[in-house]
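Hi there,

Here is the structure I promised to pass on. Have a look at it first, and then read my notes below.

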Amino acid sequence: MHLRLRVWRQASATATGKLVEYDAPNISPDMSFLEMLDVVNERLMEKGDDPIAFDHDCREGICGSCSLMINGAAHGPMKATATCQLHMRSFRDGETIDVEPWRAKAFPVIRDLVVDRSALDRIIQAGGFISAATGGAQDANAILVPKTAADAAMDAAACIGCGACVAACPNASASLFTASKISHLGHLPQGQPERRRRVLSMVNQMELEEFGGCTLYGECQEACPKEISIDTISRMNGDFIRAGLTDWR
Amino acid sequence: MSRALRFYRSAIGKKVVMAVTGLIGIAFVIAHMTGNLLAFAGPEAINSYSHFLKSTGELLLVLRAVLIVAVILHVIAAAQLTIQNRAARPMGYVDREPQVSTWASRTMRWGGLLLLVFIVLHILHFTTGDLKPAGVFSTADVYGNIIASFRIWWVVLFYLISMIALGFHLYHGAWSSVRSLGLRQPSPNPLQRRVALAVAAIVWAGFVAVPVAVFVGLVG
């Protein structure tokens, strides 16, 4: 395949960036999007140019490191697919592909396509955990978990924290991320003792990080490589209302 | 008080205010639209309905106060959320393709602003009578006011455009308000909004029926 790329290049957090055009001939349709960028980078380095910086790690769709706004869609055109699992056969030969970093005040650009997503980690630190006494683990069957609750918790726990929901949201809201973490623990018996405190702290941290609010565009659910449902946001709001009414004074 | 303030300070709290005031608005437009249809039953029907509403005295005042407060809170919360949401993305994308968001959801702010202008003009037109596009106004003859006004093409056009904005506003709002309040049960297709579509279509059709019927001469 012969492609033309328009890639966001920005030397540092403080530098001004711009879209730079690259010619990318001889690209195999079986390459992943990241492998295509590897090839482009090798060619850049052979010429003595700076390679394009982008985040990646497992390259099998489970770590949440890869990102990229590809042709105006978070993780590109394939539904339920992270950029690392997106293949070049999803594009047309001769196509011009725009590649931009996630855009949000809470996700400052570090370099080129790499953004700082530690705001999501701080939301987790605020309450995305259960407090358990240490010691010998009890029998796993001692706590009964209804099948429906286990399924709902697992669906929410599929969130890999990539930030595509923030990137796709016109409000740059982290509601889907925060809601999935709250749902994942809140559906299970182990998550109940801290359920109210958790939603209050995590929502508070989400707003301290200056993410936008949810206006239910639905873009996050479509962009999510793990297909997390916006039902989790409705659940988060319900939990937040109940917790706010009972725990605050 | 501090609890209410703390609640309102969060974006979810503001969305709850928007949802509750929005649902009050939805209940009101359904009632208003139903009352309007009495125009098809003739002058006595709608004039006596109007007389009945005015005869309720304090109750009518309370209802009006609730509606005005609801509109004010809805607008203030919307403005604050808009500022917050814009600030959350200081630098936009060069290339951004909306994937599933509806046109209705993306026009809530401008459509809402149009509706606010409409509400003010509409009250000046049919409630206080300060605006007289047809030159006549009588608090006792609602039917006459309707007939005189909706024979004028630009009055009809303004009402039609405003009602399209209302229809789109309801198509998103009737669905999203319930979700903002956390009242929606999990659904295999959360973006589906059959009830909101029905609410929007019925309210739109009901409101549009009277001006169009008067304009084409079916009523009056």
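Let's start with something to find on screen: which residue in strand 5 of chain A does Arg6(A) stand opposite? The residue across from Arg6(A) is Asp98(A).

Some housekeeping before the rest. Residues are numbered from 1 along each chain as its sequence is written, while chains are lettered from A and ligands numbered from 1 in the order in which they are written. This is a predicted model, in which local features need pLDDT of at least 70 and side-chain atom pairs count only at pLDDT 80 or more, whereas totals for chains, interfaces and linings use all residues.

Chain A in outline

Chain A has eight helices and seven strands. Helices (H or I, at least four residues) and strands (E, at least two) are DSSP runs, numbered from the N terminus. Of the 249 residues in chain A, 48% are buried. Buried means that 20 or more other C-beta atoms lie within 10 Å of a residue's own; 12 or fewer makes it exposed, anything in between partly exposed, and the C-beta atoms are placed from the backbone. Along the principal axes, the C-alpha atoms of chain A fill a box of roughly 60 × 40 × 35 Å.

Five strands of chain A form an open sheet with mixed pairing, in the order 2-1-5-3-4. Two strands pair if DSSP finds at least two bridges between them. Strand 5 pairs with strand 1 (residues 3-9) in the parallel sense over four bridges, and with strand 3 (residues 69-70) in the antiparallel sense over two bridges.

Why is strand 5 (residues 96-100) of chain A largely enclosed by the rest of the structure? Because four of its five residues are buried. At the edges of the sheet stand strand 2 (18-24) and strand 4 (73-74), each with a single partner strand, so one side of each is left without a neighbour in the sheet.

Two residues with positive phi

Most residues other than glycine have a negative phi. Asn71(A) has a positive one, near 50 degrees, and lies in the loop between strand 3 and strand 4 of chain A. Asn71(A) is partly exposed, with 17 other C-beta atoms within 10 Å. Phi of Glu210(A) is also positive, near 70 degrees; this residue lies in the loop between helix 6 (195-208) and helix 7 (219-223) of chain A.

Over to chain B

Chain B puts 37 residues in contact with 40 residues of chain A. Helix 1 (2-9), helix 2 (11-36), helix 4 (58-87) and helix 8 (153-180) of chain B each supply at least two residues of the side that touches chain A. By class, that side of chain B has 17 nonpolar, eleven polar and nine charged residues.

Within chain B, look at helix 8 and helix 9. Their axes come within 7 Å and cross at roughly 170 degrees. The axes are lines fitted to C-alpha atoms over the stretch in contact, with angles from 0 to 180 degrees between N-to-C directions. The two helices of chain B are therefore roughly antiparallel to each other, the term for angles over 145 degrees. Their contact has 20 nonpolar, one polar and no charged residues.

Finally, helix 7 (residues 142-149) of chain B is mostly covered, with six of its eight residues buried. Among the buried ones are Val142(B), Tyr143(B) and Ile146(B). What covers them includes helix 3 (43-55), helix 6 (108-127), helix 8 and helix 9 (194-216) of chain B.

Happy browsing!

Notes
Contact = placed C-beta atoms within 7 Å. Nonpolar A, V, L, I, M, F, W, Y, C, P; charged D, E, K, R; others polar. Parallel < 35°, antiparallel > 145°, perpendicular 65-115°, else oblique.
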